[in-house]
Structures are given as structure tokens and as C-alpha cells.
Amino acid sequence: MALEEKQLVDKDYKYGFRDQTDSYSFKSRKGIDHDIVEQISQMKNEPQWMREFRHRSLDIFLSKPMPAWAKNEVLEAIDFDDIYYYMRASDREGKTWEDVPEDIKRTFDRLGIPEAERKFLGGVTAQYDSEVVYHSIRKDLEAKGVLFSDMDAGLREHEDIVRKYFATVIPPADNKFSALNSAVWSGGSFIWVPPGVSVDIPLQAYFRINSENMGQFERTLIIAEPGSFVHYIEGCTAPTYSSNSLHSAVVELIAMEGAHIRYTTIQNWYKTVYNLVTKRAMAYKNAHVEWVDGNIGSKLTMKYPSVYLMGEGARGEVLSIAYASEGQHQDAGAKMIHAAPNTTSIITSKSVSKNGGRTSYRGLIKVYEGCDGVKSNVRCDALLMDPQSRSDTYPTMEVDAKDVRIEHEATVSKVGEEQLFYVMSRGLTEVEATTMIVNGFFEPFVKELPMEYAVELNRLIALEMEGSVG
Amino acid sequence: MERSSLLDRASGPQPSLADAIKALTANEPSWLTDVRLGALKRFEGIATPTERSEGWRRLSLEGIDIAPVAPEPSPFKLTVASVDRARGVIAKTISEALLSHEPLVREALAHGRGGRTVGKYSALAEAAWLGGAFVHVPDGVELSSPIVAEAESGTYPRLIVVVGKNARAAITETHRERGRFTAGISDIVVGENAHLTYAHVQECGPKTVVFSHQHARIAHGAKLVTLNLGAGGALSKSDVEVELLGAGAESDMLGLVFARGTQQFDYHTLQGHRASDTHSDLLFKSALDGHSHSVYTGVIVIEKGAQRSDAYQANRNLLLAEGARADTEPKLEIEADDVRCTHGATVGPIDAEQLFYLGSRGLDDETASRLIVEGFFQDVLDRVGDERVTRPLETKFAPHLERER
């Protein structure tokens, strides 16, 4: 029975197709060393400072041990010598949709990009493997002076801005995987919003990994100047693979005084992908940063979006959901660093474990000395769907200031029999009832998403829940 | 042969300590020697902690000497009502108990230490204990009054409490050592359907480094209520571990910390649900004055198969002064689905509204905040549910409620 279910899910895996990718125009050899890093930098024709930055980062990566706190035998299983660190699907970026190669277009068709265009969802940066092959910026964005491009183009065209902010939020030495990303990064998004400008349509990028043993190391930098607003959406899907892939992104957000950034991610990597991501935001005076973070796929995700609240009145929010099924471990959470008085933060985490999956919430609330008037509230709820599954909660609160209000609450439970009974008494089957209850459990997250994403997520959950009962 | 080779290796950095431990084994049963030497080996296998070590990085070791000292006897003053003695209650030194009750002592000392966090100093205490006390409440006996065990000197105290089936007992273990270093272990075994209230009171000297490991095993249908009261010591690091081993086992775990000056308290708790239908409820509170620092890390573990378990865990910290700090890390590890588990943690100052309210009744700020702290703690003492145990503690700790100036 269990096997049948697995096959069913595998067969129906929404994005579980795979294109012929023989047309890769450049593919570095497997493994990582200074030659590869040099090659990547040369291919991209980068300025000297970036080249040196990559080499410096590689040294840090090689010298840093795996994080000891994770105690994760899964992590130890990553073979860094068996991964491609850079490849480029076509020689140059397509300027318009017509210029994009046919096989890549087919991939995007299935990801729904033309649809997104039709729906005026904004500029699209579509990342195919390591390099952006296509992106368009809508004219209204250009008129407002908003810069939205892939990171490589950002470096070429706006070197002054990139150089000023790049790696200032997450330095390479932050952790082993941020060092790796800093050494071999490719693609990702670069966004700069001028002062006072409000971008009223969400900006989106689609990412894909599409070659076996292919690593993806995108690098995103978003700078919101004073009083501006931007919402960025990152949706990840990856096709079926037989061996493990590594995805290790670095995302840096900078919200200047009074700026507001919302960053939405839905991660649905295929269940062989390691998703080890560093995401961090700086929020200055009265700035507001929101991470909306959904983790559905991957073999192992380790991701703790952070907000450093650097100026008085800054506000940080993380709303995250995690779903782990057979063979999956979602180790997700959030960090709020209160480095200024009268800053506030809210973390809401919801997780569901099923078929032996494991979800962990790992978080940190840190309040520095003298930061009075800080308020922080953390709420974690976990649902366990069967006796094989596991849920952990590892919150940490470090408080060095007196006049603060720090609260943490967590619950772990199963779907209530009374709830099930009630819903089933209205004529629903057990599967339908369970799906409905789980969807309701995730509702606070789903309602923060644009409609297409909300619909897709509900469908994904329904698909995952099928066969989970009985 | 094995024994001598182990000790040869041990004679590296701490030759005198290893020799001293070897000397302790002279007239002991061989199983006990094995336990000591195994623990010594674990002690030596763990690096000396620094401020960067996991489990230590939130503490300051500035001006704190954590180097171990030589074993010195830890006698307990034992107070047992004569009527209870007459009912067969035993309270004597462990070496005496080894002669009269070896199987029970062995059962308490050589069960293989199910706890998950046996650290360096706990291993040392297991190897180096000297003196100590053994308390046994036979099956079905209900104590007329609580047993009191008090230690005022020694370096590696050890207390064993074995409560038989269907017995009802209460015991208070008090520590007032004033040396530089003490590392103690308390082993608690609660038999089927028994009920034990256990208070651990730490009022050691202001310069003492205090390590304590309390490990309790609770059988089918039994209930253990523990209260930890932390007041003394320069640095106090405690592991409080409860394992619920039989269906229907239950534990309330309570803690109170009064920290002032530059005192550091580090409590680690384990609520280990290893059987179905078990219940645990933990409440640890600390009030922090001066430049004191409290670290709380606690974990609820619900093992596979421990269905229909309920577990609760709360840590509340009251910051009374600008320089006080509180770190809290309440953790859950759940491997069964039919459970109900919640935990919560708070850190904050005295509620300004409460102060205002009491002020409006004519109380000055100092009296008002003292009343609020008393109330904050009284709530925990009430939950112990045995006034014979908590009443003496209320008066004893009144001086600690005075605010620092």
C-alpha cells in the first residue's frame, strides 16, 4: 500500500518532468577548487574585486567544518566533489521571449511563466540552471526607476550599487554554505527600489535545477531605499532526479529607513535536493521586513530567515510552513536579532509531518543590552499525522535587556478525532476531512500568498494528503 | 588487568585525581569499581569546557575555576522520624547500605545512566563520589513526615533515594557546601504506584562552583514531584532528568531560581516519555537581580510508542535589574503522534500595571515589587502540594527577596 502511494505521488509529481539538456553550452567539471572558481569568474568577465572575493570565500569554505549543532548524518553525506558548480544553458541571455531556446521555453511553459506574464504579475526573471536566460522588466517598473535584473547583469550594469551592498548582510564567513555560495554564485535576482517608490505588483523569479548532480547557487540582493515598498516572490520547483542535488542560495535584503520588503518563497524541490539556504535582512529605523516561507519539497532543508532589527521602530515578521513526508527533513525556523530599542518581531511557524517525515523548528530571539521596549512573540504549531513521523522544536531566547516582552509558545498534536468526526459527519470521507483540516491549519500562510500560489499550494497539499490516511 | 590499563591512561593530565579515584575502589564490590572506572573514562574523554563549548557558550567562565578537586567525604545529616524508622525506613551511608542492601544500591547506581546529557562533571561525580547517603522507603510505607538530608561539606556528594511500590514519601535534599567546587548526583527510583515529593535545595557558598545531576526513574502508575530551588553558588549547573518508564507514570517538575550579584544558574531539564499514557508538567521560574544570569534549556522527548502522552513545559523569567540576563531554550522532540505537547517561555520585567496598582494602594515600589516576586514564586511552591516540604523553604528564602541596592 505504502509503495503504491509513493508511486502515485511520484507519477503525479507536478513538475516531475525533465528536458533533454544536451544543449548546455558550458559545464564546469565536477568538484570545487580555485581553478573552477577562476573559470567561473572569467566566464562571467567579472571585475577583479569579485574574483578576489570568490577566491577568499572558497578558502573560508574549505577551512570551515560542517555545523556541529546540526548533528545531521544527512548533511555529512553530501559529496562536494561530485557536484557541478557552474553551467550555462545558452551562450547569451535571450532579450525577448522569442530569443529563448525552444527546449528551455518548453520547461518554462510547464512552469507557467507565460501565464504569469499574461496576468501582469510583473517582471520575470527565469533562472534555468545556473544562469538567467530570460527576463523582462515591465515598462511601468522601468518608469519608476526600479532596477530588476539577474545578479550577473546587476553586477555588470550597476557595479557601484552591488559593490556597496554585496555580502554586507551575509559575509562569506557566516557559515560553510554561505562561503560556498560566495565562491561559486551564479544568477539570482538584483533589485533596487528608489526612495519612496512603491512597487505594487509582486516581482517574481522562477528557479529550476535541471541537470543531474547540478548545484544551484543563486545570489539575491534586494535594496529598498527609504520609504519604498517591494514584494518579491521566489517559487522553486525541480524535476525528478535519481541522485542528490545541492541548492545553496544566499539572499540579502536591506530595508532602509521606513522601507518595507516582503519576500515570499515556496520551495518544492524534488525529494532528493539538499536545500541549504542563508537568508537575512537588515531593517533600519521604522523599516518592516516580512519573510513568508513555505517548505514543501527537498530531502533536507535547513533555512532560518533572519531579520536584524538595526534601527528604532523596526519590525520583523516570519510566517513559515513546513511539510515533511517520507525521507524528508524540514529543518526550518527564523531568527530575530533585536539590536535597537522599541523593535518588534513576530514568528509564526506551522508544520505537518507525515509518513515518517521530520519537521524541526529552530529559532533564535536575541535582544542586545540596552534595547528596551522590545516585543517579540513566537508561535509554533506542529501536526503529526502518524506514529512514524517526528516533530522537534528548538527555540532559543537570549535576552540581555530588561524592559522587554518575549513570549514563546509551541504545541505538538495530532489531528483531533473530534475535528475529524465533526467534518466527516457532514458527509466527507476521512481523506477529504483530513485534507480540509490540514489546509485549514496552513490557512494563515496560504492567505498571504497571491492567488495562483495559494491555489497551487492547496492542490499540492491535497496531492500529498491523498493516501496519507487509511 | 583492564582496570590497571585504564588507570594508566588516566594518569595524564590529572594523575592525582585518577589515583585518588582508584583509591576509592579499594574495598568496593567489583561492579561498583567498573561503574567508577567507566565514568572516569567518560570524564577524561570529554574536553575541558570553554566558553565556546556547546552547553557552555552562554556562561561566563571569567574568574570561575572549574578545575576538579580531590574527593573529600560528603556526609549527609539525615533526619528521619523514629516512627518511620520503626516502619523499616532506612537512611544510612552508602557504604553501610552496600553491606545491608547491596542489590538496591546496585539497582540505583549501575543501571547504565539512561539520561541523555551526562556531561563531563556528572561523569566525574559518578567516578569520585565519597560518603553520600542511601534512603529506602519499603513497599507500602507511608512516611509520617518528610525526610531531610543535609550536606555541608565534601566535594562529590551522592544521594540515593529508593521508594518501594505503593509507598508515599517526601524528602528534602539541601546543599550548603562552601568549598570551591562540588559535583553531586542524586539518584531517585520511584516504584510502581508510589508517590514521592523531592525537593533539591541549593544554598552553597557565594564562591562555590556547583554541579548537580538529578536523575529519576518512575515506574508504572507512580508519581514524582520535584522542586529545585537555586539560591547559592557562583556558577551553578544542574541537569534535572526524569524518565517515565511505565504506563501511567507522572511527573511534576518545578523550579525556582533567585539570582543576584554575578551569579550564574544553568538548568537543563529532561522530560523523557518512554512509555504510553505518561504525563509530565514542568514549570521553572527565575527572578534575576543585579548582574545575574540564568540559562534554561529543557527538552521534552516523546519516544516512539509513548502514545497518549501529555507533556507541558514552561519557563518564566522575571528581570528585576538592568544588568540581569535570561536565556531560555525549551525544546520538543516528538516521535509519537497521539500526544499533546505544549511549551512556553517568557522573559520580561515586573508588569508596570501591577506596580501601579499596588502603588495606588499605598505601597512603595520596593514593597510592591517584593510582593510581586513573592507571588511569582508562591505559585510554584503551591504546586508542590506538600506544605510540610514547602513551608520551611518559604521562610528560608525570604532574605533573597530583598532587592539589591
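Biologist: Leaving aside its neighbours within four places in sequence, which residues is V190(B) in contact with?

Modeller: Two residues are in contact if their C-beta atoms, placed from the backbone, lie within 7 Å. With neighbours within four places in sequence set aside, the partners of V190(B) are V163(B), L196(B), A216(B), I218(B), A219(B), A222(B) and L224(B).

Biologist: Before we go on, what kind of model is this?

Modeller: Residues are numbered from 1 along each chain as its sequence is written, while chains are lettered from A and ligands numbered from 1 in the order in which they are written. Local features need pLDDT of at least 70, side-chain atom pairs count only at pLDDT 80 or more, and totals for chains, interfaces and linings use all residues, because this model is predicted.

Biologist: Okay, back to the inside. Which residues touch the most other members of the largest nonpolar core?

Modeller: A nonpolar core is a set of buried Ala, Val, Leu, Ile, Met, Phe, Trp, Tyr and Cys residues joined through C-beta atoms within 7 Å. Buried means that 20 or more other C-beta atoms lie within 10 Å of a residue's own; 12 or fewer is exposed, and in between is partly exposed, with C-beta atoms placed from the backbone. Of the 227 residues in this core, the ones touching the most other members are A255(A), A283(A) and V190(B).

Biologist: And which strand gives the largest share of this core?

Modeller: Helices (H or I, at least four residues) and strands (E, at least two) are DSSP runs, numbered from the N terminus. The largest share is seven residues, and they come from residues 273-283 of chain A, strand β13.

Biologist: Which domains of chain A does this core lie between?

Modeller: Domain bounds come from an automatic or database domain assignment. Both domains of the pair give residues to the core, so it lies between domain 1 (2-303) and domain 2 (417-470).

Biologist: Let's look at helices. How many of the residues of helix α7 of chain B are buried?

Modeller: The buried ones are K120(B), Y121(B), S122(B), A123(B), L124(B), A125(B), E126(B), A127(B) and A128(B). This helix, residues 120-128, is largely enclosed by the rest of the structure, because its buried count is nine of nine.

Biologist: At what angle do the axes of helix α3 of chain B and α7(B) cross?

Modeller: Axes are lines fitted to C-alpha atoms, for helices over the stretch in contact, and angles run from 0 to 180 degrees between N-to-C directions. Here α3(B) covers residues 30-45, its axis comes within 7 Å of that of α7(B), and the crossing is at roughly 155 degrees.

Biologist: Are α3(B) and α7(B) roughly parallel or antiparallel to each other?

Modeller: V35(B), R36(B), A39(B), L40(B), R42(B) and F43(B) of α3(B) make the contact with K120(B), A123(B), L124(B), E126(B) and A127(B) of α7(B). Angles under 35 degrees count as roughly parallel, over 145 as roughly antiparallel, 65 to 115 as roughly perpendicular and the rest as oblique. The α3(B) and α7(B) pair is therefore roughly antiparallel.

Biologist: Over in chain A, is the crossing of α3(A) and α10(A) left-handed or right-handed?

Modeller: Helix α3 (residues 48-63) and helix α10 (residues 176-184) of chain A pack at an angle of about 150 degrees with axes 7 Å apart, which makes them roughly antiparallel. A crossing is left-handed if the near helix is turned anticlockwise from the far one by less than a right angle, and right-handed if clockwise. For α3(A) and α10(A), the crossing is left-handed.

Biologist: Which element gives the most to the side of chain B that touches chain A?

Modeller: The contact takes 31 residues from chain B and 31 residues from chain A. On the chain B side, β17 (325-334) and β18 (339-349) are the elements that give two or more residues. With eleven residues, the top contributor is β18(B).

Biologist: How many other C-beta atoms does N166(B) have within 10 Å?

Modeller: N166(B) is in the loop between β5 (158-163) and β6 (168-175) of chain B, with a positive phi of about 55 degrees although it is not a glycine. N166(B) is partly exposed because its count of other C-beta atoms is 16.
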